[in-house]
Amino acid sequence: MPPKKEVVEEKLGPWALGRFSSRLKVGIVGMPNVGKSTLYNTLTKCSIPAENFPFCTIEPNETRVHVPDERFDWLCDKYKPKSEVQPWLEIVDIAGLVKGAAQGAGLGNAFLSHIRAIDGIIHVLRAFDDADIIHVEDRVDPIGDIEIITNELRAKDLEAVARRKADLDKEKARMNSNPASKKEFEAEQAFLAKLKDFLEAGKEVRNGMDIWSVKEIEYLNEYQLLTAKPCMFLVNLSEDDFKRKKNKWLAKIHAWVQEHGGSPIIPYSGAFEQRLLDLGNAEEAEKCQKEEGMTTQLPKIIRTAFTMVHLIYFFTAGPDEVRARVCRRGSKAPQAAGTIHTDIERGFICAEVMAYDDLKELGTESEVKAKGKYRQEGKTYVVVDGDVIYFKFNVTAKGK
């Protein structure tokens with residue numbers, strides 16, 4: 001008898017963590033008075049409180065922002081549709097965390113529950129000095145701030161692990177009543193011990209993808225832990241530092257982030273973004289950027305936040321409508337079709353696909369077809385960001 005082939009388990013990427021949905025939210029998180037609400041105001045042009053007072057944001061403010069994309073603009077110019085529907089992202093402004101939040105300090109537990117409800121975290125770090133804007137810790141130290149926040153999130157995750165273990169222990173007798181449930185019970189208990197050790201070592205769940213098995217990722221997606229959420233870091237600089245692209249904290253922040261998973265870092269100036277917003281119109285804002293030699297970072301922040309939570313979009317395009325349809329990275333064609341209508345997913349036949357780059361290069365759909373780059377894909381096709389898709393489907397009367 002030939003030896004059995006060794007089964008090598010698939011290793012999943014970071015996209016496998018979290019809710020597999022196209023309706024994901026990102027939250028703006030940080031210590032009090034680091035510039036969170038000012039950033040939110042400039043991102044959304046909403047007039048929410050942003051006074052110089054800790055905890056001025058108590059209930060999270062939430063809005064949708066458009067994701068800028070030159071591909072969408074080009075498709076609209078080409079088809080001149082009756083309707084244009086841009087891609088968008090939901091952003092939540094969450095009030096400031098403080099040391100001891102996991103034990104209820106400040107408005108801690110409520111804020112941590114708000115973070116639990118989002119899918120990705122935008123950490124705002126203060127790297128500017130201003131005696132008129134108080135800091136809750138009475139100092140400017142972005143490394144200290146992010147250590148406080150990650151420690152609080154990790155502490156809350158350890159609480160969740162302990163709570164899950166306690167619930168599982170109560171089910172021990174029932175779970176040991178048959179071999180299948182006993183095996184499941186023992187597997188989850190072993191994983192909870194592994195996860196507890198990982199968190200107590202000062203690590204974040206999202207940075208353990210090389211050691212989590214497919215089954216363990218299923219557990220993690222049930223637990224929805226705070227340190228499993230993807231994150232990015234925005235470094236709020238003074239206008240002068242942003243203009244000269246120098247600040248004493250930038251290298252230290254970069255080193256810390258690299259040691260903790262290597263998430264995206266974007267330096268920006270909240271004061272400059274607010275000044276552009278106060279000008280009131282796009283022409284004046286454009287003129288100001290040229291005169292000052294600085295560029296708004298808001299489009300980059302929005303695009304990075306969108307990709308951070310593993311979202312992509314495909315296009316449906318024609319003279320009636322050009323629409324960017326959001327789906328989760330890794331979505332197969334029927335799942336993507338379901339973002340249009342569940343009937344299309346249920347009655348999926350095939351997806352007729354052309355890459356945006358091919359359409360732009362060749363100019364027309366007929367030319368894409370003539371070059372053999374217009375293709376039909378089946379149920380196993382994984383949708384690629386920027387695909388232009390037409391779905392064929394059939395829903396019978398019986399199916400309804």
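This is a predicted model: local features need pLDDT of at least 70, side-chain atom pairs count only at pLDDT 80 or more; totals for chains, interfaces and linings use all residues.
Student: What percentage of the residues is buried?

Tutor: Buried means under 20% relative accessible area, exposed means over 50%, and partly exposed lies in between (1.4 Å probe, protein chains only). Of the 400 residues in the protein, 47% are buried.

Student: How many helices and strands are there?

Tutor: Both are DSSP runs, numbered from the N terminus: helices are H or I with at least four residues, strands are E with at least two. The protein has 16 helices and 12 strands.

Student: How do I read contacts along the sequence?

Tutor: Contact means heavy atoms within 4.5 Å. Take the contacts between residues at least 6 apart in sequence: 71% of them join residues at least 24 apart.

Student: What span does helix α6 reach?

Tutor: The expected span of a helix is 1.5 Å times one less than its number of residues. Helix α6 (residues 179–200) has 22 residues. From first C-alpha to last, α6 reaches 32 Å, close to the 32 Å expected.

Student: Which residues of α6 are buried?

Tutor: An α-helix has 3.6 residues a turn, so residues three or four places apart point the same way. In α6 the buried residues are Ser181, Phe185, Glu188, Gln189, Phe191, Leu192, Leu195, Phe198 and Leu199. Their cover includes α4, α5 (172–175) and α7 (214–223).

Student: At what angle do α4 and α9 cross?

Tutor: Axes are lines fitted to C-alpha atoms, for helices over the stretch in contact, and angles run from 0 to 180 degrees between N-to-C directions. Helix α4 (residues 142–170) and helix α9 (residues 250–259) have axes that come within 10 Å and cross at roughly 25°. That makes the two roughly parallel. The cut-offs are under 35 degrees for roughly parallel, over 145 for roughly antiparallel, 65 to 115 for roughly perpendicular, and oblique for the rest. From α4, the contact uses Pro142, Ile143, Ile146, Glu147 and Thr150; from α9, Lys252, Ile253 and Trp256. These divide into 5 nonpolar, 1 polar and 2 charged. Nonpolar covers Ala, Val, Leu, Ile, Met, Phe, Trp, Tyr, Cys and Pro; charged covers Asp, Glu, Lys and Arg; the others, Gly among them, are polar.

Student: And how do α1 and α12 cross?

Tutor: The axes of α1 and helix α12 (residues 298–308) come within 10 Å and cross at roughly 95°. They are therefore roughly perpendicular. Leu39, Thr42 and Leu43 of α1 meet Leu298, Ile301 and Ile302 of α12. That contact has 5 nonpolar residues, 1 polar and no charged.

Student: Where is Asn33, and is it buried or exposed?

Tutor: Asn33 sits in the loop between β1 (25–29) and α1 (36–44). Asn33 is buried, at 13% relative accessibility. Its phi is positive, about 65°, although Asn33 is not a glycine.

Student: Is Lys245 buried or exposed?

Tutor: Lys245 is exposed, with a relative accessible area of 65%. Lys245 lies in the loop between α8 (239–244) and α9. Lys245 has a positive phi of about 60° and is not a glycine.

Technical notes. Residues are numbered from 1 along each chain as its sequence is written. Side-chain values use heavy atoms; hydrogens and water are left out.
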